Each structure stands twice: as C-alpha cells, then as structure tokens.
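Okay, thanks for coming, everyone. Let me put the sequence and the model up, and then I'll walk you through a few parts of the fold.

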Amino acid sequence: MASAISFADANSGLQAGTINGPVNTEFHHHHAPPERVETPPNPSVVIPFSRDTDFVERGILLDQIHQKCAVLGSRTALVGLGGVGKSQLAIEYAYRTRDRSPETWVFWVHASNAARFEQSFREIANCVKIPGLQTNVFQLVHDWLRDDRKGKWVLILDNVDDAAFLVETPRTSQDGQTNSVGSGNLRPLVTYLPQCPHGSILITTRSKYAALKLVEQRDIIAIEPMSKLDALALLEGKLGWHDNDATELAAELEFMPLAIAQAAAYISQRVPRYSVREYLQDFRKSDRKRASLLNHDSEQLRRDWEARNSIIITWQMSFNHIRIIRPSATDLLSLMSFFDRQGIPEALLRNRDEQRNSRQGQKESNNDNSTDINPNIDAGYSGDDEDNASQPSVSDGFEDDVMALRNYSFISINTDGTTFEMHGLVQLATRKWLEAHEQQERWKQQFIKNLNAELPTGEYENWVRCQMLFPHAQSAAAQQPQEQDSLRDWASILFKAAWYAWRMGKGVEAEKMSVQAMKARKKILGREHNDTLDSIAMVGLAYKLRGQWDAAEDLEVQVLEMRKKRLGADHPHTLTSMSNLASTYRNQGRWDAAEELEVQVLEMRKKRLGADHPDTLASMSNLASTYRNQGRWDTSEELDLQVLEMRKKSLGADHPHTLTSMSNLASTYRNQGRWDTSEELDLQVLEMRKKSLGADHPHTLTSMSNLASTYRNQGRWDTSEELDLQVLEMRKKSLGADHPDTLTSMNNLASTFWNQGRWDAAEELEVQVLETSKKRLGADHPDTLTSMNNLACMWKGIGRKTEAIRLMEECIQSQKRVLGPDHPHALSSCMALVKWEAEQEDVVN
C-alpha cells in the first residue's frame with residue numbers, strides 16, 4: 001500500500017514503490033499562483049552616490065583608468081592614502097562609463113568587510129532581478145555576470161583595505177556550519193568575481209598589499225595628492241567663490257582632496273563671519289589647533305557612511321589597522337612623525353643602543369675685511385667620533401616595517417634609496433594619536449636621542465651631513481621634551497644646528513636656536529657650566545652675524561670673565577673668548593682695543609699651541625685685519641701672506657679659511673692701490689665661494705662687494721654698479737635694510753653713482769646711509785665717519801661748499817679722536833679740507 005507523503009509548501013506528488021504502468025507527472029497546484037516572468041531591466045549605473053558637479057579632472061588619471069578597464073577581463077586597482085580621492089575618481093569613472101557606453105552595467109560594491117560585501121551583492125541581485133535569493137547570492141550574481149547575454153559590466157569594489165575576507169577560505173566550525181556570510185558559501189569570496197571578456201573590475205584601496213591579492217602589479221594606478229592647480233580648482237569649487245588666499249590654503253593642506261573638501265565645508269558653514277584667511281591663521285597657530293580643524297567631521301555627500309569625513313580620523317583608522325597586523329611598523333611611523341617630512345635618513349630610524357658622545361669645543365673669530373666688514377669665524381671644534389658599527393641586517397624586520405608603511409602610502413622612498421618622505425598632515429595625525437594614547441613623549445625622546453647622536457658640529461668637514469640633517473634639527477626645535485636627560489640632548493641638537501646655521505650665514509636661525517639652547521642649558525646645567533658658556537658664546541656669534549654688536553659684546557664679556565675665573569687666563573677656551581671679543585671691538589671700530597686683545601691671544605697661542613696651529617693662524621689673521629683697518633697696510637700684508645701660505649698647505653686651497661685669507665690679502669692690495677692684483681684674487685675667491693657656499697651666502701656677497709670696489713677703483717663703473725645693485729638687493733632681503741653690511745652696500749653704490757656723474761642719486765643714498773649709520777652704529781663709528789666724509793665730498797662737488805666744509809671739519813675732529821691723527825682716512829680728510837679752504841680763500845681774494 002502506498003504511503004502518504006507530505007511535501008513542503010508548493011511541493012506535492014506521489015511516491016511509488018514499484019511502477020508497472022505509465023505515470024502522469026503533471027501536477028496541478030491550485031493553491032499556488034504560477035511565477036510571473038520578470039521583464040529584464042535595462043543596463044544602468046547602480047551606485048549609491050550622485051555625480052559631483054565640482055569634480056576636478058586631475059590630469060590624465062581618468063584616461064589611465066579607462067584605458068586599463070577597457071581591456072577585456074581586466075582588473076585594475078586605485079591605490080593611495082586615505083582621503084586622496086580614490087573613491088571620487090571611481091564615482092566619476094562610473095558616470096563617464098555610462099555616458100560613453102549606455103549599454104554597460106556599472107555596479108558598486110562596498111568591500112570594507114564581508115557583511116557589506118554580501119549586502120552589495122544582494123542589492124545587485126535585486127537590481128537585475130535574479131530570482132532565488134534564499135540560496136547562495138554570491139553564486140547567483142557570479143553566474144549572472146558570467147552570462148555574456150546580460151551585456152557588458154563594470155564592477156567597482158570600494159575600500160578594499162583588507163583583502164583577507166575575500167581571499168581566505170571560509171572556516172567551518174565543529175558543528176559543520178561555515179563561519180562566513182551567505183548560505184552555502186564554501187569558497188573564497190574572490191572566486192565569485194568572474195574574469196570574463198565582457199566585464200571589468202575596478203578596486204579602490206589604501207593598501208598596496210591588499211591590491212596585489214586581487215590584481216597584478218602592472219594594473220595598479222597610484223593616486224597621489226592633487227596638483228597645485230587642481231587643488232585650487234577643487235577648493236574654489238567647493239567654496240563657491242574665488243579667494244586670493246585659496247592657493248595658500250591648498251598648499252597648507254598638502255593638496256589632499258578630503259582635507260580641502262573638509263576645510264571648504266568648515267569655512268562655508270561660517271561665512272560671512274569667517275574667511276579663508278582666518279582659517280589659514282587658525283591652521284598655523286599650533287599643532288593642537290591644526291588637529292582640531294582637521295578633526296572636524298563635516299558631512300560629505302559622496303563618501304560611504306562607514307568612512308569618516310575627518311582626514312585625521314581616516315588616517316588614524318589605517319594606523320590602528322597596521323598596529324594590529326604589525327605593531328613594529330607603527331613604532332617606526334611614530335618615530336618618523338617627529339622628523340621633518342622630507343629626507344628622513346634611514347640611519348636615524350634604526351634604534352641605537354649606543355649613542356655617540358659629541359665633543360663640544362670652541363669657536364674662533366676671523367675677520368674677512370674689505371670695504372665690507374664681515375665676520376668669518378674659525379673654530380676649534382673636533383667633529384663627532386665616527387660610528388663604525390655595521391648596519392643591522394634586513395632580518396631585523398626594518399625592511400618589513402618600511403614595506404608595511406609604504407603599502408598604506410604613509411611613507412615613500414626617495415630616489416637615493418636611503419631617505420624617506422611622509423606627508424606633514426600624516427605626521428600630525430600620528431602625533432595626535434600618540435598624544436591621545438600617552439605615547440608622544442616616549443617617541444619624541446627617541447627622535448631627539450637619535451638625532452643628537454648623528455648631528456655633527458658645524459665645522460667645514462661636516463657641512464654635507466649638517467645640510468642633510470638641519471631640517472630635522474629645525475623640527476626638533478619645536479619639539480621640546482620634558483625629561484631632563486632628553487632636554488640636555490635637545491639643547492645639544494640646537495647648539496650644533498645653530499653653529500651650522502651661523503657658518504651658513506643664516507643669522508635668524510642661528511640666533512633662535514642658540515638662544516633656545518642657552519636657556520635650556522642654563523636651566524639644567526647652571527650658568528657656569530662649560531656647555532652653557534659655549535651656548536652663550538654661540539648667541540654672541542649669532543648677534544654679531546646680525547650686526548648686533550653691542551649685544552654680542554655684553555655676552556662675550558660675561559663668557560670671558562667666567563672662563564678666566566674657572567679655567568685661567570691662558571686656557572684655550574679663554575683665549576677663544578678673548579678673540580671673539582676682539583672681533584666685536586673690531587666691528588665696532590674700536591681698533592686699538594681689538595689690537596691689544598689680539599696681540600695677547602696671538603702670543604699665548606704661539607707659546608701653548610705652536611706657530612702653525614689653526615687657532616694661532618686665526619689670531620694672526622685677525623690681527624692683520626685690525627692692522628688693515630688702522631691703515632697699517634704693509635704690516636697687514638706681511639701677516640696675510642704668512643697665514644695664506646700656511647693655510648693652503650694645511651687646509652687646501654678651497655677651504656673656507658683659506659678663502660678668507662685670500663680675500664683679506666686682496667683687501668690689503670686694494671688699499672695699497674694694487675688693483676689688478678686685488679682683482680685677480682677677488683675673482684678666484686668669488687668663484688670658489690659661489691661653488692662651496694652658494695650665491696647668497698654673506699661671505700659670497702662680501703666677495704662680490706669687494707670685486708665691485710676694485711672695479712670702481714679701476715674706473716669700470718658700469719660693471720661695479722651691476723655688482724653693487726645685486727649685493728644690495730640680496731642683503732636687504734636676507735639681512736634687512738639697516739644691517740651694517742647693507743649700509744656698506746648702499747655707501748658703495750652711492751660712490752659708484754657719484755663716479756658716473758649721477759650726483760642727485762648719489763647724494764640721496766649717502767644721506768640715507770649717514771642717518772641710518774648714526775642711529776644704528778653711533779656717530780663715532782668708523783663707518784659713520786666714512787659716510788660723513790663721502791657726503792661732504794658730494795656736497796663740495798655739487799657746489800654746496802660751505803656745508804661741505806662744515807661737515808668735513810666735524811668729520812676730521814671725530815676721525816682724529818676715534819682713528820688717530822695719523823690714520824690714512826684722517827690724513828685724507830685733512831688734505832681735502834685744506835684744499836677746499838684754499839679754494840675758498842682764492843674766491844674771496
């Protein structure tokens with residue numbers, strides 16, 4: 001007897017044991033309506049975002065995407081830092097694909113995790129009206145996509161920052177259930193992405209590592225920040241108006257699209273009570289204010305609801321992900337966040353158990369005298385000991401850490417292969433994360449420790465290394481640590497960086513850093529510690545470089561007195577202090593006081609160090625400069641020649657100290673009227689200084705000014721004018737309009753104008769120079785007296801004879817008192833006055 005069988009839902013029928021006759025297998029389902037055949041939908045763009053009317057073209061990026069995606073069966077990945085605009089490019093590509101090919105389907109898949117991936121597949125199935133969604137939706141969509149009768153399609157997988165959920169096989173639990181989304185899914189999800197000739201896949205991801213699990217290396221398009229012009233167009237498009245400060249703001253935001261859109265939204269919400277200029281001012285106030293602005297989470301219409309609209313949080317999410325998979329890589333990023341963003345050397349990133357002990361010595365002053373009075377200082381510092389430790393092997397994990405950070409576009413490697421770069425805003429985001437997790441001080445101290453170990457002193461032989469590390473020292477200046485040992489290292493960095501800045505003629509930087517170092521050392525070491533005295537001396541040198549001679553004198557007197565007391569009158573450090581003070585006296589025109597100190601220093605150095613020691617040669621050079629200022633040119637020449645020969649022999653012909661000696665000797669020749677010989681030396685020095693120091697270094701400008709003076713003496717006034725004008729403009733820009741060197745340039749140019757017969761222009765300049773010199777240098781300074789002499793001569797030349805005689809009388813009176821009655825300048829002025837008075841008497845008679 002046949003048994004009754006129960007079928008679920010719409011199933012019914014008969015189960016037979018042995019069938020001996022025909023069976024009618026047609027069943028009538030009176031309780032279930034027949035399935036309605038769906039009309040196939042027309043191809044469309046199935047993405048959750050509207051088109052951006054403010055979209056900026058960004059060069060050929062969209063053409064590249066189209067070119068790659070047009071290849072049959074292609075898979076392409078857009079890889080770049082979070083917030084760089086990958087999804088925005090994909091959205092625009094989707095709409096352009098629709099415009100270009102209306103018969104092509106475009107599907108958008110949220111691929112940040114498995115759940116959202118499945119949800120997107122279900123939405124695709126609903127859109128194209130695939131029946132039977134209770135079964136494996138991945139298989140259904142896969143089969144639909146493979147069917148070439150359905151037409152061409154593009155699948156966009158957005159935010160595939162972790163491809164593990166796509167490529168791993170779903171795990172099966174002990175009860176036999178799969179630990180994966182979907183019903184009956186036992187394969188890696190990536191296998192449901194068909195590779196067929198009528199479809200292409202475009203992926204966006206922050207991780208190159210994730211991209212390489214899905215595409216070939218050649219199919220990756222790296223997305224970088226926008227160009228300057230594109231970033232400006234985006235900012236003004238989002239603002240809705242043109243703004244003169246927009247270019248500046250785009251640059252501050254490092255041309256990052258999300259940061260630009262974020263800033264535009266912040267500003268737009270607050271107008272008219274807020275502006276781009278005010279945002280810029282707030283942004284530049286501090287790290288804290290910058291982070292606050294970049295943390296502002298303004299709504300963006302074309303960003304996924306899971307993606308944060310704050311670029312700081314966007315990057316910190318990536319940071320947290322790396323921290324989970326490779327903690328040592330986030331340690332490396334933490335350390336890098338305190339450096340300058342460019343040129344971060346590998347040597348400073350590998351932790352070092354043993355740090356070098358830097359030996360700090362003394363600085364010494366040597367004057368590069370000419371028409372310009374320009375301090376060029378010899379130093380007695382020894383460089384840091386060379387670290388001969390071998391580099392750690394690749395197996396230490398450093399390379400893997402670098403690769404992890406590069407995969408997320410947090411850092412890049414420079415073409416030299418040994419230095420790194422990262423975006424300044426990424427550094428800020430990292431530091432704010434460290435601050436929030438109370439780790440900022442730890443990594444700041446490691447940065448300072450590593451930098452102090454590598455940064456050498458500012459001596460000539462270290463200039464290449466100093467140049468590379470100086471930007472990181474500038475970054476350190478803004479990162480003062482709290483712990484005392486670290487604070488000591490920090491002060492050491494600033495002292496050495498100030499030394500290099502001073503050597504390079506960077507007066508502002510030298511003063512700022514040296515003052516910071518001095519204050520820190522006074523606090524932790526006390527006023528009389530040798531390191532503190534070094535720092536005070538360094539501040540004095542920076543003041544002198546900037547023409548602040550009275551301030552320099554005050555500090556140098558303090559240092560000299562303390563060193564005499566602690567070390568003795570003949571200690572090398574004490575002698576250096578005496579020499580520095582003598583240099584200041586020379587700049588102030590106090591030549592007798594300078595000579596007295598220099599003679600003492602020279603004799604003691606000869607006795608203690610020997611006649612050919614570099615410090616002894618510096619003293620000889622300084623004394624020769626004083627003799628030259630005093631008009632004792634033959635004595636000056638004798639010393640200059642001795643120093644030059646010994647420096648050529650011991651240092652080489654192109655060493656800065658040797659060039660100083662050549663320049664000094666040329667100045668002596670010029671004063672002696674040996675202009676052709678002077679010109680020959682001046683040209684040599686100028687070319688070598690341009691090459692070694694740069695065209696705008698103070699010493700190079702001195703050489704240009706010296707050569708112009710020689711041309712002027714030779715009657716080559718047009719050539720002289722050309723050089724004078726160049727020097728004047730560069731000095732105004734770098735030193736300021738009232739710096740003594742700038743005043744010297746103005747005085748030189750006035751002399752040239754006078755020789756050319758341009759008397760009004762000459763007088764106008766000379767009046768400016770005299771008034772400023774009186775105010776800046778004092779009425780009795782030799783440079784002020786030179787200006788008085790020059791102006792008196794000009795007035796005489798244009799017929800203002802009475803005023804000229806009166807001014808010259810005043811000048812001579814001061815020259816005799818300050819320079820002495822036998823000084824060449826005083827004698828020259830007296831001769832001129834006698835001649836003018838005789839002419840006046842002839843007219844009267």
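**The parallel sheet and its surroundings**

So, start with the sheet: six strands make an open sheet with parallel pairing, in the order E1-E3-E4-E5-E2-E6. A word on terms: helices (H or I, at least four residues) and strands (E, at least two) are DSSP runs, numbered from the N terminus, and two strands pair if DSSP finds at least two bridges between them. At the edges sit strand E1 (45-46) and strand E6 (220-222), each of which pairs on one side only.

Before I go on, the housekeeping. This is a predicted model, with local features needing pLDDT of at least 70 and side-chain atom pairs counting only at pLDDT 80 or more, while totals for chains, interfaces and linings use all residues. Residues are numbered from 1 along each chain as its sequence is written, and side-chain values use heavy atoms, with hydrogens and water left out.

Back to the sheet, and to E4, which is residues 153-158. E4 is mostly covered, with six of its six residues buried; buried means under 20% relative accessible area, exposed means over 50%, and partly exposed is in between, using a 1.4 Å probe and protein chains only. Which way do the side chains of E4 point? Trp153, Leu155 and Leu157 go one way, Val154, Ile156 and Asp158 go the other, and all are buried.

Now the neighbours. E3 pairs with E4 in the parallel sense over six bridges, and Val109 is the residue opposite Leu157 in E4. E4 and E5 also run parallel, joined by five bridges, with Leu155 having Ile201 in E5 as its bridge partner.

Touching here is contact, meaning heavy atoms within 4.5 Å. For the angles, axes are lines fitted to C-alpha atoms, for helices over the stretch in contact, and angles run from 0 to 180 degrees between N-to-C directions.

**Two loop residues**

Next, a pair of loop positions. Asp54 lies in the loop between E1 and helix H1 (61-69), and it is partly exposed, at 26% relative accessible area. Leaving out residues up to four places away in sequence, Asp54 touches Leu234, Gly237 and Lys238. Asp54 and Leu234 are 180 residues apart along the chain, yet their C-alpha atoms are separated by 6.7 Å.

Then there's His423, in the loop between strand E11 (419-422) and helix H15 (424-436). Is His423 buried or exposed? It counts as buried, at 17% relative accessibility. Beyond its neighbours within four places in sequence, His423 is in contact with Leu81, Pro225, Glu254, Arg341 and Phe410.

**Helices**

Last part. Helix H13 (residues 327-336) has seven of its ten residues buried, so the rest of the structure largely encloses it. Those buried residues include Ala329, Leu332 and Met336.

The axes of helix H23 (residues 591-609) and H24 come within 9 Å and cross at roughly 155°. H23 and H24 are therefore roughly antiparallel to each other; the cut-offs are under 35 degrees for roughly parallel, over 145 for roughly antiparallel, 65 to 115 for roughly perpendicular, and oblique for the rest. Among the residues that meet are Trp591 and Leu602 in H23, and Met620 and Tyr627 in H24.

Then helix H24 (residues 614-629) and helix H25 (residues 633-651): their axes come within 8 Å and cross at roughly 155°. That makes H24 roughly antiparallel to H25. The contact includes Leu617 and Tyr627 of H24, plus Trp633 and Met646 of H25.

**The whole chain**

To zoom out: the protein chain has 34 helices and eleven strands, and 54% of its 845 residues are buried. Of the contacts between residues at least 6 apart in sequence, 69% join residues at least 24 apart.
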